[in-house]
Amino acid sequence: MQVSELLSGELATEFKTVSAMMEIYCKKYHGSGSNLCQNCRELLAYAETKLDRCPYGQKKPTCNKCPIHCYKPEPKERMRLIMRYSGPRMLLKHPILAVRHLRHEKREVPEQPKVNVSNRHTRLELAKQGAENKKATREKE
Ligand SMILES: [Zn+2]
């Protein structure tokens, strides 16, 4: 299971879930050990970018219920196969993540937020504030 350095909250948990599912699949079909193969690493990085930019932000519905189709067809199909194989196997390997995901799946899809609440937007805002605070402190000194 991998940890994202960009994502926070629900999105970080979702990233963990996706990476765990990819590890199960990659081990079985690409013969990888504890690390993902090159192709899967790239797909996971793609998934991370999509999570970071998801316009729902922390309110993101599960991907298979989402009305926005943000994946391109090719990675989407690869991810679909991974989910189909690893979904049922998650309950044994990572029961807490699996149950959380199943519960999440039952939630209603929220209205799409009108303001920018994506992880990326929040992350960049925080970085900007941090830089401004630092500047302000420096100017006081
Ligand atoms: Zn792989």
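Me: What should I keep in mind about the numbering and the model?
Reply: Residues are numbered from 1 along each chain as its sequence is written. The model is predicted, and local features need pLDDT of at least 70, side-chain atom pairs count only at pLDDT 80 or more, and totals for chains, interfaces and linings use all residues.

Me: How many helices and strands are there in the protein chain?
Reply: The protein chain has five helices and zero strands, and from the N terminus on its elements run α-α-α-α-α. Helices (H or I, at least four residues) and strands (E, at least two) are DSSP runs, numbered from the N terminus.

Me: And what box do the C-alpha atoms fill?
Reply: Taken along the principal axes, the C-alpha atoms of the protein chain fill a box of roughly 60 × 35 × 30 Å.

Me: What share of the protein chain counts as buried?
Reply: Of its 141 residues, 21% count as buried, where buried stands for 20 or more other C-beta atoms within 10 Å of a residue's own, exposed for 12 or fewer, and partly exposed for anything in between, with C-beta atoms placed from the backbone.

Me: Which residues touch the most other members of the largest nonpolar core?
Reply: Those are Val18, Met21, Met22, Cys40, Leu44 and Leu51, out of 19 residues in that core. Helix 1 (9–29), helix 2 (38–53) and helix 3 (73–93) each supply at least two residues of this core, and helix 1 gives the most, with seven. A nonpolar core here is a set of buried Ala, Val, Leu, Ile, Met, Phe, Trp, Tyr and Cys residues joined through C-beta atoms within 7 Å.

Me: What does Met21 touch?
Reply: Leaving out residues up to four places away in sequence, Met21 touches Ile82, Met83, Ser86 and Met90; a contact requires the C-beta atoms of two residues, placed from the backbone, to lie within 7 Å.

Me: Changing topic, where does His30 lie?
Reply: His30 lies in the loop between helix 1 and helix 2, and Ser32 has its place in that loop as well.

Me: Why does His30 count as partly exposed?
Reply: His30 counts as partly exposed because it has 13 C-beta neighbours inside 10 Å.
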